[in-house]
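Please keep the structure open beside them.

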Amino acid sequence: MQKTSELYQALLRDPMHEKECRVRIAGRDYMQEDIVSLSTGGGLFSTPDIGVCAARQIDLVLRRPGEIPRQAEMRVYVRLRAGERASEWLPKGVYYISTRRLDKRTGALTIHGFDAMRKAGEVWITEAYATANWPMPQQKAAEDIARRMETTLDPRTVLTSAYPVPYPTDDLGEVTMTDVLEWMAVVNAGNWVMSDEGRLLLLRFGDIPPETGYLVTEHGRAITLGGVRLLVG
């Protein structure tokens, strides 16, 4: 669970508090006044399951955003405000642009994107693994897959050492990183998600924290503020 400041907790108890969001794209911050609408979805589920690589997606509309690179990274942040008091910004997901559509009349840009879980769809084994030792410890395998996904393994991830990862092939040949992650998720009775900071994280049943950026259960709720809809804690 994310740590929050005393000010954040005080503002959370204030019935007059509001939530603000911003999105950082390619080094530029788009603030509340720049955002027409924002919604995120996906993550985990309302019914129990294991062995899943749960991806999240984002729908974002910006007012006259200027030049934005294709497939750019988008980082979402949320904070609380009451009058002149404002809390720290909390990360609420890292996404990558998939499609975009520009309204030539208004200049608004509609963006749809996904988090890094989509990057695990590639075949894991390449020539670089010719000298790797198999079976491979799960911790090492998860760290390597996270690196291939251009991120890191969340330090909260706990993996069993009892079942190392076998050479990643099956009857159809080489398997994807998603296949390997799903196997590890089953063995560890959990599911993989991308954390709010954009790291690869295994959530096991029994120790799931109420970090609602990647939970869509009773721990999270969707809010609307100034036309912006966002899943927050």
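1. Burial terms come first: buried means under 20% relative accessible area, exposed over 50%, and partly exposed in between (1.4 Å probe, protein chains only). By that scale A26 is exposed, at 52% relative accessibility. Over the chain of 233 residues, buried residues make up 45%.

2. A word on the source. This is a predicted model, in which local features need pLDDT of at least 70 and side-chain atom pairs count only at pLDDT 80 or more, while totals for chains, interfaces and linings use all residues. Residues are numbered from 1 along each chain as its sequence is written, and side-chain values use heavy atoms, with hydrogens and water left out.

3. The overall make-up. The chain has 3 helices and 14 strands. These are DSSP runs, numbered from the N terminus: helices are H or I with at least four residues, strands are E with at least two. Contact means heavy atoms within 4.5 Å. Of the contacts with a separation of 6 or more, 63% are between residues 24 or more positions apart.

4. Aromatic pairs. How many does the structure hold? There are 3. Rings of Phe, Tyr and Trp (its six-membered ring) pair if their centres lie within 6.5 Å; planes under 30 degrees apart count as stacked, over 60 as edge-to-face and the rest as tilted. W124 and W134 have ring centres 5.5 Å apart and planes at 90°, so this pair is edge-to-face. Both residues sit in the loop between β8 (109-114) and α2 (138-148), 10 residues apart. W124 is buried, at 0% relative accessible area. W134 is partly exposed, at 23%.

5. W134 has another partner. Its ring centre lies 5.4 Å from that of Y167, and the planes are at 80°, so this pair too is edge-to-face. Y167 lies in the loop between α2 and β9 (169-170), so the pair ties together parts that are 33 residues apart in sequence. Y167 counts as partly exposed, at 41% relative accessibility. W124, Y129, W134 and Y167 form one aromatic cluster.

6. Look at the backbone beside W134. A cis peptide bond joins W134 to P135, with omega about -5°. P135 is in the loop between β8 and α2.

7. Charges over rings. A charge sits over a ring if NZ of Lys or CZ of Arg is within 6 Å of the ring centre and within 35 degrees of the ring normal. R22 places its charged end over the ring of W89, 4.8 Å from the centre. R118 lies over the face of F114, 3.9 Å from the ring centre.

8. The helix pair α2 and α3. Two packed helices are described by the angle between their axes and the distance between the axes. Here the axes of α2 and α3 (residues 177-187) come within 11 Å and cross at roughly 145°. Axes are lines fitted to C-alpha atoms, for helices over the stretch in contact, and angles run from 0 to 180 degrees between N-to-C directions. The crossing is left-handed. That term applies if the near helix is turned anticlockwise from the far one by less than a right angle; clockwise is right-handed.

9. Which residues of α2 and α3 meet? From α2 come Q138, A141, A142, I145 and R148. From α3 come M177, V180, L181, W183, M184 and V187. By class, this contact has 9 nonpolar, 1 polar and 1 charged residues. Ala, Val, Leu, Ile, Met, Phe, Trp, Tyr, Cys and Pro count as nonpolar, Asp, Glu, Lys and Arg as charged, and the others, Gly among them, as polar.

10. More on α2. Its buried residues are Q138, A141, A142, D144, I145 and A146. They pack against α3, β11 (190-194) and β12 (200-204). E150 follows α2 and has a positive phi, near 65°.

11. Two other residues with positive phi. A26, in the loop between β1 (18-25) and β2 (28-30), has a phi of about 50° although it is not a glycine. R64 has a phi of about 40° and is not a glycine either. R64 lies in the loop between β4 (56-62) and β5 (73-82). It counts as exposed, at 61% relative accessibility.

12. Finally, S87. Is this residue buried or exposed? At 6% relative accessibility, S87 counts as buried. S87 is in the loop between β6 (85-86) and β7 (90-102). Leaving aside neighbours within four places in sequence, S87 contacts L7, Y8, L11, R79 and L80.
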